[in-house]
Amino acid sequence: MELKNKISEAFASHFGGEGTFYTSAGRINLIGEHTDYNGGFVFPGAIDKVIMAEIRPNGTEKVNLYSVDLNDSASFGLNEADAPSQQWARYIFGVCRETIKRGGSVKGFDAVFAGNVPLGAGLSSSAALESCFAFAINDLFNDNTIDKFELAKIGQSTEHNYCGVNCGIMDQFASVFGKKDCLIRLDCRSLEYEYFPFKIDGYKLVLVDSVVKHELVDSPYNKRRESCERVAKRLGLETLRDADMEMLDAVKADISAEDNMRARFVIGEKERVLGVCDSLNRGDIATVGRLMYETHEGLSKDYEVSCEELDFLNDVAKECGVTGSRIMGGGFGGCTINLVPNEIHDKFIETVTAKFNERYGHEPKIYDVVISDGARRLDD
Ligand code: GAF
């Protein structure tokens, strides 16, 4: 059944009547991994995998939620002490609390939501959920007076303060600012951004999900961030944004070999994002692809956020002649993102599915994705 109908039926049966529909999207990132919390550049876009919610103020101080996909309900008040026990509901509780902390208004509401962003695949289902509710709360209770930058920060602070993930701003920014057919080159230090039309004739963006579950809260993601912060501190910098290889070499003796490797990756990645943007402008897709493979290599060997399955997927992509392929998102599982020429698309999918199945005893999941709009109200 279509997502909207499914939600509408559940809303009528749980709460009666109807509310207003809001949606937001998961994201891909063409390049620029682990650079956001280092004040660097990223190059994400929202995709056609969404979270959708039907919401109606209920005139109380209580929020009542029903998740269609989990078939689970939660209710909570709006004070700090009212945090719900279920993790999925904490994302929404966090958005309410972070809005209130910023002086915004939140009143009680009833909501039903569902989605098709694959969970644990590194496509930021959590950012989609956060930005969907942040957008809705802004619209329903704040006359849209909270600007979009703040909406993204509300989602990010939710991750920090209610979900235990010390993430950067990329995912929430992409979900809030996402625009059809455009990637966003975002400077994560200044939050200046530019939309890049992204519709490369003759290529598709294909995600291959290793189905190795990606949960940042249980991964060493926060540790990677700490490594970068240690090196920046040793260099006397606020973040690694202004670091270069020469500076890094100069403090080599004072930092651990591991921290050195992490910083080396970040410094290289920062440049690769700019390289990809320039290459796209020139229509040089081969260079875009080469830089994506370089990123994979760095994420695997220096940043050490890959796993056997993701490296395998990357090798198969290379063998099949895929233009660019790499781990996408935080790593430790989830998807590779692949820039695939149309003429080898079907063959690549067939080959990667068969080879992965042969090696790991189960098929990967494949998603062709299209760059789409991010958070918004659905009016029709
Ligand atoms: C996760 C985080 F949430 C982002 O902020 C970003 O750091 C990404 O991993 C790695 O680039 O998606």
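Mentor: Let's look at helix 9, whose buried residues are covered by, among others, helix 8 (257-282), helix 10 (308-320), strand 10 (324-327) and strand 11 (335-341). Helices (H or I, at least four residues) and strands (E, at least two) are DSSP runs, numbered from the N terminus. This is a predicted model, where local features need pLDDT of at least 70 and side-chain atom pairs count only at pLDDT 80 or more, while totals for chains, interfaces and linings use all residues. Residues are numbered from 1 along each chain as its sequence is written.

The buried residues of helix 9 are Val-288, Gly-289, Leu-291, Met-292, Thr-295, His-296, Gly-298 and Leu-299. Helix 9 runs over residues 285-301, and its 17 residues should span 24 Å at 1.5 Å a residue, which agrees with the 25 Å between its end C-alpha atoms. That expected span is 1.5 Å times one less than the number of residues.

Now follow helix 8 to another partner: helix 6 (residues 221-234) packs against helix 8 at about 90°, with axes 9 Å apart. So helix 6 is roughly perpendicular to helix 8, a label for angles of 65 to 115 degrees. Arg-224, Ser-227, Cys-228, Arg-230 and Val-231 of helix 6 meet Glu-258, Asp-259, Arg-262, Ala-263 and Val-266 of helix 8; contact means C-beta atoms, placed from the backbone, within 7 Å.

How values were computed: Buried ≥ 20, exposed ≤ 12 C-beta atoms within 10 Å, placed from the backbone. Contact = placed C-beta atoms within 7 Å. Axes fitted to C-alpha atoms, helices over the stretch in contact; angles between N-to-C directions. Parallel < 35°, antiparallel > 145°, perpendicular 65-115°, else oblique.
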